[in-house]
Amino acid sequence: MDRIQWDIRRLAEYGVKTGLVPQEDVVYTVNRLLELFGLEELQEQEMPGGAPADTLGGQESGDRTWSGTEPGESTGAHGSAQSGQETCAGRKSSDLGDLEEILGSMCSYAYEKGIIEGDSVAYRDLFDTKIMGMLMPRPSEVIRKFRELYEKESPKAATDYYYKLSQDSDYIRRYRIVRDRKWKAATEYGDLDITINLSKPEKDPKAIAAARNAKQSGYPKCLLCRENEGYAGHLNHPARQNHRIIPVEINKSQWGFQYSPYVYYNEHCIVFNFQHVPMKIDHAAFCKLFDFVKQFPHYFVGSNADLPIVGGSILSHDHFQGGNYEFPMAKAPVERSFAVAGFEDVAAGVVRWPMSVVRLRGRDTDRIIALADRILEKWREYTDEAAFIRAFTEGEPHNTITPIARKRGEDYELDLVLRNNITTQEHPLGVYHPHANLHHIKKENIGLIEVMGLAVLPARLKEEMAQLKEAVLAGKDLRGDENLAKHADWVEEFSPRYQKIQGDNIDSIIEKEIGLVFLEVLKDAGVYKRTPEGQKAFDLFLSSL
């Protein structure tokens with residue numbers, strides 16, 4: 001049997017095993033795949049290696065054909081997965097390797113036959129998403145199943161189904177996610193989550209050039225628009241044939257619920273307005289956050305701020321991020337309480353956190369929202385020259401809030417993180433933004449996820465830290481290395497704290513020190529510093545409420 005015939009059989013069986021392809025749809029799915037690859041029939045011959053070809057759809061979970069290998073070949077496309085090793089997505093790594101290997105083989109065939117133009121990751125991602133789209137149920141079927149589980153079982157049963165579907169469909173590429181580097185960094189504010197993001201593939205120069213020369217399209221308007229569902233994509237826009245959206249009504253308006261394809265944390269979801277409208281933190285935003293939490297009480301949900309520098313990467317489309325995860329900031333305690341006249345029924349306090357966070361708690365979300373409105377209104381207009389808090393410069397607003405809502409037992413909580421995006425000549429990227437001495441580790445905006453204590457660090461650090469480890473152990477001059485010179489001051493600063501830096505402890509030292517850099521990043525982003533003077537200024541603002 002030709003390899004592509006073997007791959008089509010295996011992919012159809014993968015669809016059956018995961019539940020993507022009902023038994024009744026197997027022949028239909030196979031015929032669609034044959035058409036995609038320009039084939040006229042499914043051969044009834046031996047599989048590679050001489051094994052007999054079983055009837056499609058007859059495999060049981062755990063059968064030998066699910067190994068994803070031909071007889072005599074190594075397990076997985078990369079050979080690094082250990083049998084039984086659990087991934088963050090709850091799948092064994094051997095299962096993840098199967099799909100990656102099948103799709104990789106299919107893409108190689110498509111390139112050899114001229115079905116796809118290039119062999120780079122950009123072209124492969126467009127094509128393998130098209131392949132997986134042929135295994136997907138229609139949006140209406142997914143929505144119907146989700147709502148049935150929600151009504152008959154629980155919100156969690158519905159999200160469990162949808163999260164599994166998003167992974168099995170390869171919309172969430174599990175085999176890439178598991179390569180992300182993740183660890184905990186102990187600090188005075190608790191353990192921070194550190195990640196080096198490796199799951200977003202980098203385009204090769206040829207694909208970048210082709211994308212630049214391609215016709216620019218305004219459809220979909222952005223990566224969050226509902227029109228992405230089923231979209232074929234192009235070099236300037238990812239394919240989404242395997243993407244499904246769950247409609248949800250939030251505060252009497254139509255929104256969509258989906259998962260992030262890069263899942264920075266467990267069940268990392270995105271909730272977005274069906275209308276392409278800019279982000280805005282206001283009364284309605286607070287209402288929407290709690291409306292979502294009431295519908296999905298096992299999830300938190302929060303919003304990036306609505307101003308550049310302190311906001312997220314997509315300010316043009318109103319959206320929230322949530323998930324089934326407890327962030328370090330959510331674990332942080334309230335260190336001092338305060339009361340606001342007229343709102344004595346709402347517990348209010350300052351959170352012990354490197355950024356400036358007010359936590360509101362109570363049973364009545366309307367009362368929490370009313371106090372949040374008061375805080376937002378005051379903060380938008382608040383200026384304290386002595387603390388370098390300026391609400392406006394030349395009419396440009398600087399003060400806003402990053403809000404996060406959750407349910408805690410019978411109570412609801414709303415964390416309000418005070419933000420300010422003012423710039424100066426000394427800090428052109430933002431006064432309350434990572435300062436220049438930290439840019440060798442983190443230069444990007446501090447959005448919702450980082451605010452809550454999870455560092456999303458650039459992929460370049462994986463290679464740089466490997467090179468740095470080698471150089472430090474060899475006693476090389478870091479300043480003489482073009483790639484490592486930016487880390488020299490940092491290494492010179494932390495090295496004296498350790499009696500010995502050697503092969504058996506350097507990895508843990510580097511991870512620890514990266515965590516401490518992220519802590520400094522959060523401190524830089526805090527508008528009120530963790531000093532007696534800074535906290536006194538914070539209390540001055542609170543007294544204005």
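A crossing of two helices is called right-handed if the near helix is turned clockwise from the far one by less than a right angle, and left-handed if the turn is anticlockwise. Keep that in mind as we walk through this predicted model.

**Two helix pairs**

Let's begin with helix 9 and helix 11. Helix 9 passes helix 11 in a right-handed crossing. On the helix 9 side, the contact is made by His-283, Phe-286, Cys-287, Phe-290 and Lys-294. Helix 11 brings Thr-365, Ile-368, Ile-369, Ala-372, Asp-373 and Leu-376 to this contact. Sorted by class, these are seven nonpolar, two polar and two charged residues.

Now turn to helix 1 and helix 2, where the crossing is right-handed as well. Here Gln-5, Ile-8, Leu-11, Ala-12 and Val-16 of helix 1 meet Val-26, Val-30, Leu-33 and Leu-34 of helix 2. By class, this contact has eight nonpolar residues, one polar residue and no charged ones.

The table sets out the geometry of both pairs.

| Helix pair | Axes come within | Crossing angle |
|---|---|---|
| Helix 9 (residues 283-295) and helix 11 (residues 365-381) | 9 Å | roughly 150° |
| Helix 1 (residues 3-18) and helix 2 (residues 26-36) | 10 Å | roughly 140° |

Leaving out residues up to four places away in sequence, Leu-11 touches Leu-33, Leu-99, Ile-102, Met-106, Ile-131, Met-132 and Leu-135. In soluble globular proteins, nonpolar side chains tend to be buried together.

**A closer look at Leu-149**

Our last stop is Leu-149, found in helix 5 (residues 139-152). Is Leu-149 buried or exposed? Its relative accessible area is 11%, and buried means under 20%, so Leu-149 is buried. Setting aside neighbours within four places in sequence, Leu-149 is in contact with Ser-154, Ala-157, Ala-158 and Tyr-161. Thr-159 is 10 residues from Leu-149 along the chain, and the C-alpha atoms of these two residues are separated by 8.8 Å.

Terms used
Residues are numbered from 1 along each chain as its sequence is written. This is a predicted model: local features need pLDDT of at least 70, side-chain atom pairs count only at pLDDT 80 or more; totals for chains, interfaces and linings use all residues. Side-chain values use heavy atoms; hydrogens and water are left out. Contact means heavy atoms within 4.5 Å. Helices (H or I, at least four residues) and strands (E, at least two) are DSSP runs, numbered from the N terminus. Buried means under 20% relative accessible area, exposed over 50%, partly exposed in between (1.4 Å probe, protein chains only). Axes are lines fitted to C-alpha atoms, for helices over the stretch in contact, and angles run from 0 to 180 degrees between N-to-C directions. Ala, Val, Leu, Ile, Met, Phe, Trp, Tyr, Cys and Pro count as nonpolar, Asp, Glu, Lys and Arg as charged, and the others, Gly among them, as polar.
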